[in-house]
Amino acid sequence: MKRPVSKQTRINHSDYVAPEGFDAFPEPTYRASTVLFDSVDALRSREWIGRDSYTYGLHGTPTTFTLEAQLAEIEGGRHAVLAPSGLAAITIVDFAFLKSGDDVLIPENIYNPNRELGNWLSRDFGIHVRYYDPMIGGRIAGLLRDNTRLVWAETPGSVTMEVPDIPAICKAAHEKGALVVLDNTWSAGLAFDAFGHGADVVVQAVTKYQGGASDLLMGAVITRDGELFRRICMAHMRLGMGVGADDAYLVLRSLSSLKVRFEKSGESAMTVAHWLKNRAEIHRVLHPAFPDCPGHAIFKRDFTGASGLFSVLFNELYTEEQTDRFLEALKLFRMGFSWGGTHSLAVPYRIRPDRRDWNLRQNQLIRFYIGLEDPEDLIADLEQAMETLG
Ligand SMILES: *Cc1c(COP(=O)(O)O)cnc(C)c1O
């Protein structure tokens with residue numbers, strides 16, 4: 001074919017090929033919607049479900065496959081898919097495994113949007129959803145029915161931080177043929193071995209420590225089982241849940257420092273939590289490493305570390321108005337949802353009235369996330385804000 005006449009055509013079909021042999025630490029960022037095939041045969045015989053070929057940007061690129069492999073590695077799983085948020089990862093699991101007429105068990109203290117999704121599935125999709133006391137342990141056997149397909153779990157539970165007995169829940173669920181899906185976001189896949197303790201599927205909000213800088217949203221669904229992975233991939237494909245290449249790159253970049261950030265955040269959180277525990281203003285610190293946290297013995301048995309997220313209950317003397325003033329007086333701690341980044345955060349929570357296992361509503365609850373600031377500076381900030389409590 002003769003040389004194209006138009007500069008634009010020549011630009012778009014440039015002959016230049018960069019020399020081979022370039023090497024550097026960053027993973028290359030491949031951006032693609034269209035993935036090119038060499039032959040009609042290659043196009044017609046494309047196989048999108050595996051991770052050994054490419055078909056379309058939505059189903060993966062070298063960048064997203066690399067990130068999936070690293071997230072699976074962290075978690076001790078074999079397969080992973082990426083989702084546009086942690087909540088999207090939760091949605092993929094429900095669509096992968098539930099159909100109308102199925103029964104699903106969800107702990108009372110699950111990440112609240114997961115509960116909202118459960119209520120929606122129950123109201124509009126013919127799925128039977130029941131909520132269980134997270135401290136139920138092996139007694140969950142009494143709740144399992146023949147049509148119970150999924151048992152959701154989270155350790156520790158969101159906001160109130162109870163630590164469930166995951167091995168006991170998994171054992172009872174498996175005896176009845178139900179799958180256990182664990183939201184393992186709190187430990188970032190580092191401090192709790194989900195598959196080793198019996199989980200079939202793990203959900204991670206990659207938005208948190210894996211993203212690590214409060215600048216992106218992503219989720220992941222991880223498993224060891226090939227058949228479960230196939231079902232997860234079908235739901236992932238049907239729902240069209242792709243992630244952007246640049247976000248995938250940012251997570252890969254952050255993963256190279258994941259463990260040190262996680263450990264530093266967790267250690268600083270322990271320092272701050274101990275300081276809070278000794279304050280008269282605080283009724284209780286809700287942190288699994290503290291003996292009065294429900295499930296503390298299970299935490300000691302099953303976890304190898306702790307993240308930087310915990311809550312406190314204020315002394316019941318203090319009204320919501322007073323703790324609101326405390327929050328607004330904080331200077332280093334900022335208010336906002338999500339966590340896992342470099343900056344410390346504080347958020348007030350009202351425990352939902354339909355949560356049957358919670359009866360400490362007279363105590364104001366604030367959730368803290370401890371980032372990478374010096375804990376002594378954070379303590380000084382808390383101390384000056386406490387003065388507003390009067
Ligand atoms: C943040 C979070 C999610 C949801 O992640 P998003 O990316 O914000 O959708 C799910 N589970 C837990 C435990 C979380 O903390």
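Modeller: A cavity here is a set of grid points where a 1.4 Å probe fits but cannot get out. Please note also that this is a predicted model.

Colleague: How many cavities of 30 Å³ or more does the structure hold?

Modeller: The structure holds two of them.

Colleague: Which residues line the largest cavity?

Modeller: Its lining consists of Gly57, Leu58, His59, Gly60, Thr64, Glu68, Leu82, His236, Met241, Gly242 and Val243. By class, four of these are nonpolar, six polar and one charged.

Colleague: And what lines the second largest cavity?

Modeller: Trp48, Arg51, His59, Cys233 and His236 do. That lining divides into two nonpolar, two polar and one charged.

Colleague: Let us turn to the open spaces. How much space lies in the largest pocket?

Modeller: The largest pocket holds about 630 Å³. Its lining comprises 35 residues, and those nearest its centre are Tyr111, Asn112, Pro113, Ser158 and Tyr349.

Colleague: Which elements each supply at least two residues of that lining?

Modeller: Helices α4 and α5 do, and so does strand β6, residues 201-205. As for classes, the lining has 17 nonpolar, 10 polar and eight charged residues.

Colleague: At what angle do α4 and α5 pack?

Modeller: Helix α4, residues 86-97, packs against helix α5, residues 112-124, at about 35°, and their axes are 10 Å apart. The crossing is right-handed. On the α4 side the contact is made by Leu87, Ile90, Thr91 and Asp94, and on the α5 side by Pro113, Asn114, Leu117 and Leu121. Five of the contact residues are nonpolar, two are polar and one is charged. Pro113 is also one of the residues nearest the centre of the largest pocket.

Colleague: What about α9 and α12: is that crossing left-handed or right-handed?

Modeller: α9 passes α12 in a right-handed crossing. Helix α9 covers residues 258-277 and helix α12 residues 375-386; they pack at an angle of about 35°, with axes 10 Å apart.

Colleague: Which residues make that contact?

Modeller: From α9 they are Lys264, Ser268, Thr271, Val272, Trp275 and Leu276. From α12 they are Pro375, Glu376, Leu378, Ile379, Leu382, Glu383 and Met386. The classes are eight nonpolar, two polar and three charged.

Colleague: A change of topic: how many aromatic pairs are there?

Modeller: The structure holds 15. One of them joins Tyr54 and Phe65, a stacked pair with 5.4 Å centre to centre and 20° between the planes.

Colleague: Where do Tyr54 and Phe65 lie?

Modeller: Tyr54 is in the loop between α2 (40-44) and α3 (62-75), whereas Phe65 is in helix α3, so the pair ties together parts that are 11 residues apart in sequence.

Colleague: Finally, the backbone. Which peptide bond is cis?

Modeller: The bond from Thr155 to Pro156 is cis, with omega near -15°. Pro156 is placed in the loop between β4 (148-154) and α6 (166-175).

Colleague: And what is the phi of Ala188?

Modeller: Ala188 has a positive phi of about 55°, although it is not a glycine. Ala188 is in the loop between β5 (179-183) and β6.

Terms used:
Residues are numbered from 1 along each chain as its sequence is written. This is a predicted model: local features need pLDDT of at least 70, side-chain atom pairs count only at pLDDT 80 or more; totals for chains, interfaces and linings use all residues. Side-chain values use heavy atoms; hydrogens and water are left out. Axes are lines fitted to C-alpha atoms, for helices over the stretch in contact, and angles run from 0 to 180 degrees between N-to-C directions. Helices (H or I, at least four residues) and strands (E, at least two) are DSSP runs, numbered from the N terminus. A crossing is left-handed if the near helix is turned anticlockwise from the far one by less than a right angle, and right-handed if clockwise. Contact means heavy atoms within 4.5 Å. Ala, Val, Leu, Ile, Met, Phe, Trp, Tyr, Cys and Pro count as nonpolar, Asp, Glu, Lys and Arg as charged, and the others, Gly among them, as polar. On a 1 Å grid over the protein atoms alone, a cavity is a set of points where a 1.4 Å probe fits but cannot get out, and a pocket is an open set with protein on both sides within 12 Å along at least five of seven lines; lining residues have an atom within 4 Å of a point. Grid points are joined across faces, edges and corners, and a volume is the space filled by probe spheres set on the points. Rings of Phe, Tyr and Trp (its six-membered ring) pair if their centres lie within 6.5 Å; planes under 30 degrees apart count as stacked, over 60 as edge-to-face and the rest as tilted.
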